[in-house]
Amino acid sequence: MGNSESVCDCEIIHQEKVEQAKQTMLDEGLLLTVADLFKIFSDSTRVKIISVLEKNELCVCDIANILNMTKSAVSHQLKNLRETNLIKSRRLGKEVWYSLADEHIKKILDIALEHIGEIEHD
């Protein structure tokens with residue numbers, strides 16, 4: 001689609017559609033929370049961590065080894081993911097094991113991958 005096809009040349013306000021859209025628009029606070037969620041997914045390292053935790057419960061050492069990163073760098077990202085409730089942790093002796101917080105996180109990743117697959121095949 002060319003640029004001229006995506007730019008509206010008219011100055012008409014379709015008031016009925018505008019009012020309908022305003023009535024169904026989500027609360028500003030909720031929209032900001034959703035935006036914050038997607039900010040977490042904007043970092044490739046965090047997405048890699050989410051990806052490896054999708055099917056595996058792992059400790060920091062394991063994740064660092066898989067991603068070829070330092071434990072410190074991985075720990076920093078795990079903290080971000082924990083603070084946004086995308087992952088959970090459990091202590092077992094001296095070890096802390098990480099996994100996805102719930103099935104929703106897996107679904108977000110799966111839907112993103114499905115969407116990318118559709119775009120690449122168009």
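This is a predicted model: local features need pLDDT of at least 70, side-chain atom pairs count only at pLDDT 80 or more; totals for chains, interfaces and linings use all residues.

Visitor: In which hand does H3 pass H4?

Guide: A crossing is left-handed if the near helix is turned anticlockwise from the far one by less than a right angle, and right-handed if clockwise. Here H3 passes H4 in a right-handed crossing. The contact involves Lys48, Ile49, Val52 and Leu53 of H3 and Ile63, Ile66 and Leu67 of H4, where contact means heavy atoms within 4.5 Å. By class these residues are six nonpolar, no polar and one charged; Ala, Val, Leu, Ile, Met, Phe, Trp, Tyr, Cys and Pro count as nonpolar, Asp, Glu, Lys and Arg as charged, and the others, Gly among them, as polar.

Visitor: At what angle do H3 and H5 pack?

Guide: Axes are lines fitted to C-alpha atoms, for helices over the stretch in contact, and angles run from 0 to 180 degrees between N-to-C directions. H3 and H5 pack at about 80°, their axes being 10 Å apart. H3 is therefore roughly perpendicular to H5, a term covering angles of 65 to 115 degrees. On the H3 side, Thr45, Arg46, Ile49 and Ile50 meet Val74, Gln77, Leu78, Asn80 and Leu81 of H5. This contact has five nonpolar, three polar and one charged residues.

Visitor: How do the axes of H4 and H5 cross?

Guide: The axes of H4 (residues 60-67) and H5 (residues 71-83) come within 9 Å and cross at roughly 110°. The two helices are therefore roughly perpendicular to each other, and their crossing is right-handed. Val60, Cys61, Ile63 and Ala64 of H4 make the contact with Lys71, Val74, Ser75 and Leu78 of H5.

Visitor: What span does H6 reach?

Guide: The expected span is 1.5 Å times one less than the number of residues. H6 (residues 103-120), with 18 residues, reaches 26 Å from its first C-alpha to its last, close to the expected 26 Å. At the start of H6, a side-chain oxygen of aspartate 102 reaches to within 2.9 Å of the backbone nitrogen of histidine 104.

Note on methods. Residues are numbered from 1 along each chain as its sequence is written. Side-chain values use heavy atoms; hydrogens and water are left out. Helices (H or I, at least four residues) and strands (E, at least two) are DSSP runs, numbered from the N terminus. Angles under 35 degrees count as roughly parallel, over 145 as roughly antiparallel, 65 to 115 as roughly perpendicular and the rest as oblique. A polar contact is a pair of N or O atoms within 3.5 Å; within protein, one must be able to donate a hydrogen and the other to accept it, and residues adjacent in sequence count only if both atoms are side-chain atoms.
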